[in-house]
Amino acid sequence: MTPFLRLEGVAAPMPIDNVDTDAIIPSRETQSVVRTGYGEKLFANWRYRPGTREPDPAFVLNQPPFDQARILVAARNFGCGSSREAAVWALQQFGIACVIAESFGAIFRNNCVRNGLLPVSLSLPEVQRLLDELQKAGGARRMDVDLEACRVRAPGGAEFAFRIGALEREMLLKGADEIALTLSRRAQIEAFRDRDRRARPWVYATA
Amino acid sequence: MPRAQPLTLVEKIWNAHAVAELGDATTLLHIDRLFLHERSGGRMLQGVAAAGRKVFDPSLVFGTLDHIIDTDPGRTDKTKFPGGPEFIRTFRDGAAAAGVRVFDIGDPSQGIVHVIAPELGVAQPGLTLVCGDSHTCTVGGLGALAWGIGVTEGEHVLSTQCLAARKPTLLRVRFEGRLGPCVTAKDLILRLIGAHGARGGAGAALEFAGSAVRGLSCAARMTLCNMAVEFGAWTGIVAPDDVTIEFVHGRRFAPKGLDWDAALAWWRTLRSDDEAAFDREIVVDAPAIEPQVTWGTSSEQSVGVGEPVPSPADLADPVARASAEKALRYTEATPARPLLGLPIGAAFIGSCTNSRIEDLRAAAAILEGRKVAAGVTAICVPGSTAVKRQAEAEGLDQIFKEAGFQWREAGCSLCFYAGGDSFGPARRVITSTNRNFENRQGPGVRSHLASPLTVAASAVAGAIADPRRYVGHP
Ligand code: SF4
C-alpha cells in the first residue's frame, strides 16, 4: 500500500447526502475478479448518458478542472451501502486519494484506510464552507490535505484540523501491511485460542 | 465481594474475543466464523494465495453461492451476469485449494449467506461472525456479533482468523408496545431510519430491545438487524433468549451434547446488565407505527403507506433539501401526496431482509385466492434452498404460482442489478429488499421498500397498497 502523507490538488464538490457504493461503482461494472480497470467505471450511472460511455457534461467530474480531482468533498454518510471494496479502487484509479465528508459508511471507511485512501471527517458547517467555496463561480479549486499535521486547507486559505484514530493514521502514513503486523502476534493468537478452546469448545467443533 | 462492573451484551461478547489490545480503543478480536460468497470470496482467497500465505483455520470458514448465480429453475454455472462463471470458478477453486467447505449450487444447504448462516447453526449466540457483505449484521438477530467487511479485511481474517476493530459507541433502541395489524419488523426498522436518518446509527453497535422486540420471532429479529447497516450502524444485535435457544437447538452446526449444555450456560449470561451504560438510547412507540413504504433513494425516505410524501421545500437544511429533490427527480413520487395507489410494474419478494419461511407464509396469506394485477411482473425468490423446500412442502409455491408469481431458486437475484436478470420493461418496483438506491434493481428502476405483506397486497392491486385491506380471504 502506498503511504499517504500530504496531498495538494483539485477538489471536487458533491453536495449530496448518502452517496452510496452502488452510485460510486454500480454492480454491473464489477464484472471481473481483478482489481484494476475501475477508474472509468467510477460513478458510471451519473457520469455517462444512460446506456453509453458518452460523458454527461452536467456531472461534476466531467467538468474541468474537476476531471482532474484528487480530492472529493461530499456531505453526510458518504459511501453508505455495500461492502464492495471496488468503490475505493474506483475512486483511487480515477485519481482521488482523499474524500472529505461529515461522515462515512463504516465499511467503506475501513476499506479506505486499508487501501491508502484518506477519509477526512469534518463538522457539517466546515464541510458546507468547503462546498460553498468550491461551487463559487471563478473561485479557487485546489486544496491541501496534510495527514502528518491532521489539517486541511480550504481553497480560500482557511485551515481546519481533523481527527483520525492513531492506528489508522499510522497505517496510512506508513502504508503498512496489516496482515504482517497481526501475524507477528501469532503466539498471542495461538495462546488465546488455547484458552478459548477450553472455555468455549463448541466454537471450534465444526466437523 | 465487589460487584462486577455492569456490561452491555456487546461488551461481553467483545471481551470474550479480545486477543490483544492494540491501543487507540482498538482490539484484535478472534473471529469465530468467516462466511464467503462467490462475489468476493474468490478474490479474498486469491489475495491470500498471491501473498504466499495460508488460510489460518479453514474449519471456521464457510462458503456459499448466492450473489451472482442465476435463480431460474434448472440453473447451471452459466449466468446472466456477465463474467459470472469466472467468479464462480475462482471461488470454487480457491475454496477447494484452501480446504474451505462450500454450499454449492444443488446443495440442499445453499442459499443467501445471511439466511443459511442461522439456518445451519453456523451463526450462534455470542459468536463473532464476519462476511464480505454489508448485511452480515442480519445474524445479530440470534445474538451473534456480526458485521460486514471488505476484501482486504477478508484476507486478514483468512490469514489470521482475527480482525482489528475499534470499540463502537453503544446504542440501544427500544421498541415498546404491541404492533398494529400488518405491521412487521420491516416497518419498525424503516420507521426508525425514517425518523433518525440513514446516519442515525452513526457507526454504533446497536442493541435492539424492548417488549416489541421480545415478542418477535428469530426471523423477524433478523429482518430488524439486517437493516442496522442502512441506519449507519456498525452492527445490530438482539440478546438471545428462549426464542433464540429454541431456534438454534438441533441445527446442523449447532453445539451438541455436553457442548450444548456448556454453550447454553454461557448464552444465558449474554444480556446487557441492568445497570449497563449505553452511550445513547432511543425509545420508539411501536403501536404508533404504520406499514411503511419508501418514496426516495435512501432508506431514510419512508412514510406510512397512507401518509403524504414530504415536500423538499419544507426542509430547512440545504443539503437535505437538495438530496430530497434529487431523490424525487429519480423516483418521480409526488410531494405532499400519499404513495397509496401509485401504479407499479413489478413486485419482488426475496433477499436477506425478507425471504425466510415466515415472510413467504405472510405473503401467501394475502395472495391465496387472489391474482397479481395484469401487467405486473411478480417474482418470489426464497432465501435458501431449505426455505424453498419447506414452502413447497406447505403448498405455498402453488399459492404464489396461481397468483401469478414466478417461483425461483434461492439466491440474491434481483435484490441488485448485476447486468443480466431484470424486471423487463417495469420501471417501478415494490420490493421486500433493503436498498432503494438509484439503479439498484436495474437501470432507471425505482424501488419502493416495504414488508412482504405490503409487497403482496401491492402486487394484487397493481399499485402501492395498504396490506390491512387485504388480510383475510377475498
Ligand atoms: S440479498 Fe441483497 S442485500 Fe442480501 S446479501 Fe444478497 S445482494 Fe446483499
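Okay, let's start where the two chains meet: 76 residues of chain B and 63 residues of chain A are in contact, where contact means heavy atoms within 4.5 Å. Before I go on, this is a predicted model, where local features need pLDDT of at least 70 and side-chain atom pairs count only at pLDDT 80 or more, while totals for chains, interfaces and linings use all residues. As for bookkeeping, residues are numbered from 1 along each chain as its sequence is written, chains are lettered from A and ligands numbered from 1 in the order in which they are written, and side-chain values use heavy atoms, with hydrogens and water left out.

Back to the interface. The size of an interface is often given as the accessible area lost when the parts come together. Here chains B and A bury about 5600 Å² between them, with 55% of it on carbon and sulfur atoms; that's the accessible area (1.4 Å probe) the two parts lose on being put together, summed over both. On chain B's part, B:Arg43, B:Phe56 and B:Arg199 supply 11% of the area buried against chain A, more than any other three residues.

So what holds charges across the gap? Side chains of opposite charge can pair when their charged atoms come close. Between chain B and chain A the count is seven salt bridges, each being a side-chain nitrogen of Lys or Arg within 4 Å of a carboxyl oxygen of Asp or Glu. You can look up B:Glu153 with A:Arg114, a salt bridge at 3.8 Å, N to O.

Which element gives the most to the side of chain B that touches chain A? It's H5(B), with seven residues; helices here are DSSP runs (H or I, at least four residues), strands too (E, at least two), numbered from the N terminus. By class, that side of chain B has 32 nonpolar, 23 polar and 21 charged residues. For the classes, Ala, Val, Leu, Ile, Met, Phe, Trp, Tyr, Cys and Pro count as nonpolar, Asp, Glu, Lys and Arg as charged, and the others, Gly among them, as polar.

On a 1 Å grid over the protein atoms alone, a cavity is a set of points where a 1.4 Å probe fits but cannot get out, and a pocket is an open set with protein on both sides within 12 Å along at least five of seven lines; lining residues have an atom within 4 Å of a point. Grid points are joined across faces, edges and corners, and a volume is the space filled by probe spheres set on the points.

The largest pocket holds about 1200 Å³ of space. Its lining has 38 residues, and A:Arg109, A:Asn110, A:Gly165, A:Glu168 and B:Arg166 lie nearest the centre. H6(A) gives the largest share of that lining, five residues.

How many cavities of 30 Å³ or more are there? Five, by this rule. The largest cavity has about 370 Å³ of space and 32 lining residues, with A:Ser82, B:His37, B:Arg39, B:His67 and B:Asp133 nearest its centre. Sorted by class, that lining has eleven nonpolar, 13 polar and eight charged residues.

Most residues other than glycine have a negative phi, and most peptide bonds are trans. Now find A:Pro64 and A:Pro65: a cis peptide bond joins them, with omega about 0°. A:Pro65 sits in the loop between helix H2 (44-47) and strand S2 (71-73) of chain A. Over in chain B, B:Ala202 has a positive phi, near 35°, and that residue is in the loop between helix H6 (185-196) and strand S10 (205-209).
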